[in-house]
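Trainee: I would like to go through this structure with you and check the terms one by one.
Mentor: Go ahead, and ask for the criterion each time.

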Amino acid sequence: MIYVEKYTDTELPALREIWNEVVRKGVAFPQLEELSEDEAREFFAAQDFTAAAKDENGRVLGLYILHPNNVGRCGHQCNASYAVASAARGKGAGEALVRHCLETAKALGYRLLIFNAVVASNTRAIRLYERLGFERIGRVPGGFLLKDGSWSDTILFYRRLD
């Protein structure tokens, strides 16, 4: 069983490690630098919502962050990032995170969830987003610099929350 809930400070080390694992691989997140302990504490606290996915034993499997995608007249748009520990992939944590995020975003008053830059080679995420009703709204050729120095396209997605 996987459950998702707002993170606690005790989960920060696990969240930081999972986040940094994705950053290190350099194929999904735009960040170049890993988060230090202090940076992680500040970063996760600064989001509208940060959640942890856990198994029945309380082991952290993944996380998501949710925050505005824009301001003012476009302030009803939000954005999210998801990270699942490599050892936990393929077990449903990603889907649990996205589903929880959709509910949370709506509860926070957002009307649209937009992904600005899903790396085209991230086929597992793309299949999940499409299965959960996200629509592709564009493609940016060479929109992402992979860790190996090559360029990958990025795909934009959105989903209404009402």
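Trainee: What should I keep in mind about the model and its numbering?
Mentor: This is a predicted model, in which local features need pLDDT of at least 70 and side-chain atom pairs count only at pLDDT 80 or more, while totals for chains, interfaces and linings use all residues. Residues are numbered from 1 along each chain as its sequence is written, and side-chain values use heavy atoms, with hydrogens and water left out.

Trainee: How many helices and strands are there in the protein?
Mentor: There are four helices and seven strands. Helices (H or I, at least four residues) and strands (E, at least two) are DSSP runs, numbered from the N terminus. From that end, the order is β-α-α-β-β-β-α-β-α-β-β.

Trainee: Why is the protein called as compact as a globular protein of that length?
Mentor: The globule rule is 2.2 Å times the number of residues to the power 0.38, and the radius of gyration is taken over C-alpha atoms. For 162 residues the rule gives 15 Å and the protein has 15 Å, so the description holds. Along the principal axes, the C-alpha trace spans about 40 × 40 × 30 Å.

Trainee: What share of the residues count as buried?
Mentor: Of the 162 residues, 44% do. Buried means under 20% relative accessible area, exposed over 50%, and partly exposed in between (1.4 Å probe, protein chains only).

Trainee: What makes strand 2 and strand 3 a pair?
Mentor: Two strands pair if DSSP finds at least two bridges between them. Strand 2 and strand 3 (residues 60-68) have six bridges, in the antiparallel sense. Phe49 stands opposite Leu66 in strand 3. The two strands form a hairpin with five residues between them, and Gly58 in the turn has a positive phi of about 85°.

Trainee: How many bridges does strand 2 have with strand 1?
Mentor: Four, again antiparallel, with strand 1 covering residues 3-6. Tyr3 has Lys54 as its bridge partner in strand 2.

Trainee: Which strands are joined by seven bridges?
Mentor: Strand 6 (residues 135-145) and strand 7 (residues 151-160), which run antiparallel. Glu135 is bridged to Tyr158 in strand 7. Five residues separate strand 6 from strand 7 in a hairpin, where Gly149 in the turn has a positive phi of about 95°.

Trainee: How do you know whether Thr104 is buried or exposed?
Mentor: Thr104 has a relative accessible area of 10%, so it is buried. This residue is found in helix 3 (residues 93-107). Contact means heavy atoms within 4.5 Å. Not counting residues up to four places away in sequence, Thr104 touches Phe49, Tyr64 and Leu66.

Trainee: Why does His100 count as buried?
Mentor: Its relative accessibility is 18%, so His100 counts as buried. His100 also belongs to helix 3. Leaving aside neighbours within four places in sequence, His100 is in contact with Val4, Glu5, Phe49, Ala51 and Tyr64.
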